[in-house]
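Take a look at the structure below.

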Amino acid sequence: MSAAPHAAPAPLAARPSGPLAGRARIPGDKSISHRALLFGLLAIGETSVTGLLEGEDVLRTADAVRALGGVAERLGEGEWRVVGVGIGGLQQPAGVLDFGNAGTGSRLTMGVAASHPITATFDGDASLRKRPMRRIVDPLVRMGAEVVSEAEGGRLPLTIRGPRETAPIVYETPVPSAQIKSAVLLAGLNAPGKTTVIEQEASRDHTERLLRHFGAEVVVEPHGQHGRRITLTGQPELRAAPIAVPADPSSAAFPLVAALIVPGSDIVLDNVMVNPLRTGLFATLREMGADIEELNAREEGGETVADLRVRAGTLRGVDVPAERAPSMIDEYPVLAVAAAFASGETRMRGLHELRVKESDRLQAVADGLAAAGVGVRIEGDDLIVTGGNGEVRGGGTAATHLDHRIAMAFLVLGLAARAGMRVDDGTMIATSFPTFVPLMRELGGDIDAGLQGGGAGA
Ligand code: S3P
């Protein structure tokens, strides 16, 4: 078996740009989009979804929903209907479930499939094949699933068979991870009795919110200083419920940081989810002195959303505590870019989980910043960036290692660096933010195919 061939790399270049201006609509949240499809599959009836992120990662989950017996049908832009089979009703998939680049899709679907008496094979691209899966499989095995085969080190391709009857467990996650938590809770849906997940640091809670939205009984209690204990009563009847997906704060992060560092910028990003378990970046940037205003905050579809007005200004380096990491885990690459333009040093603590994302993000960020002439070092699990006080040389090429967020972060850097910046491959941006390049151009950012060779040039 070989990973699906990756499309030919397409370099992109960003050049120093005039002030960014205007309003932008960021695509739907990736975490909620995956979950919307999977909850739709497990519910009885028809779930209608609006604002679904139509990125490659989420489309893979839609394929998996179909392979497992559900209907996932696109009705219009971001508008989908999902017809579920109900808990316990999954069908044996005919072929391999290929998740491409998608960690969340593969891991959450593993929780769903491994709690049913079916055999499913999971695979993905070269990036996903490097990512650890034991952290998901271990609790699922405790619930009765069996690993039929796996690649070395517990990686994809991996085949797992679910038991006749899934056992409820009490599980403490070894690292704060919403993916592990969600896989166990989704499996717990098909277990009689109560499944409990304990986390030492609270991670994003979209699964818990959607469980309730679909009629399941979930009790969430505080645990220790920053943690939570989540208990789900198994085998509920999930009732189909409409889902409005808000804009993804992890995608909004890119134009937001661009507006902070390109002098004179003033933009508004509409309808961005501001769930406190996702907004560590906004808190950190505000500590750095950023001007980010939340306008018109409102409740939509069980989440708080707001329009974010962002204006450029000077930033100062800060010390980012390790316990903030779960609420901004995907935002470190672009925070490091903001730090490169700040005054003084920014220390980001406790980033070991960055090593197992779509790429080794700790290394990829350090290498890219070094290529842009920024002072950077890694000390243990900490990343330390020395800011240039508004001045970054740029002009290099960042290696993206099949990682969408590395590509977008360094394109953002290129909009404000003296000599711009080039990334070796922008194709992966389509996994989470397919409209990134046109949207940035619309706001006034100078990004295009990086065909000139060498640096981005000025
Ligand atoms: C996600 C959880 C995070 C995050 C990922 C999406 C989710 O991963 O990095 O992009 O939707 O549950 P971990 O929970 O493994 O940290």
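Predicted model: local features only at pLDDT ≥ 70, side-chain atom pairs only at ≥ 80, totals over all residues.

Start with the overall build. The chain has 12 helices and 24 strands. Its C-alpha trace spans about 60 × 45 × 45 Å along the principal axes. How does the radius of gyration of the chain agree with that of a compact globule? For 458 residues, such a globule would have a radius near 23 Å; the chain has 21 Å, which agrees.

Of the 458 residues, 59% count as buried. The accessible surface comes to about 15800 Å². Carbon and sulfur atoms hold 49% of that surface. Take the contacts with a separation of 6 or more: 76% of them are between residues 24 or more positions apart. Charges come next. The chain has 45 positive and 55 negative charges, and their mean positions are 1 Å apart.

Next, find helix H5, residues 178-188. How many of its residues are buried? The count is 11 of 11, so H5 is largely enclosed by the rest of the structure. The buried residues include Ala178, Ile180, Val184 and Leu185. Gln179, Lys181 and Ser182 are buried there as well. The N-terminal end of H5 has a cap, serine 177. A side-chain oxygen of serine 177 lies 3.2 Å from the backbone nitrogen of glutamine 179.

Move on to arginine 361. This residue is in helix H10, which covers residues 361-371. Is arginine 361 buried or exposed? Its relative accessibility is 0%, so arginine 361 counts as buried; the cut-off for buried is under 20%. Its side chain has a partner. A polar contact of 2.8 Å joins it to the side chain of aspartate 403. Leaving aside neighbours within four places in sequence, arginine 361 is also in contact with other residues, among them Asp330, Pro333, Leu354 and His404.

Follow one of those contacts to aspartate 330. Where does aspartate 330 sit? Its place is the loop between strand S18 (319-320) and helix H9 (332-341). Aspartate 330 has 12% relative accessibility, so this residue counts as buried too. Which residues does aspartate 330 touch, not counting those up to four places away in sequence? They are Arg204, Ser250, Lys357, Arg361 and Arg405. Arg405 is also in contact with arginine 361. Trace these contacts in the model to end the tour.

How values were computed:
Residues numbered from 1 in each chain as written. Heavy atoms only, no water. Helix = DSSP H or I, 4+ residues; strand = E, 2+ residues; numbered from the N terminus. Rg over C-alpha atoms; globule rule 2.2 N^0.38 Å. Buried < 20%, exposed > 50% of the residue type's maximum accessible area, 1.4 Å probe, protein only. Contact = heavy atoms within 4.5 Å. Areas by Shrake-Rupley, 256 points an atom, 1.4 Å probe, with all protein chains shown as cover. Lys, Arg positive; Asp, Glu negative; His and termini not counted. Charge placed at Lys NZ, Arg CZ, Asp CG, Glu CD. Polar contact = N/O pair within 3.5 Å; in protein donor to acceptor, adjacent residues only side chain to side chain.
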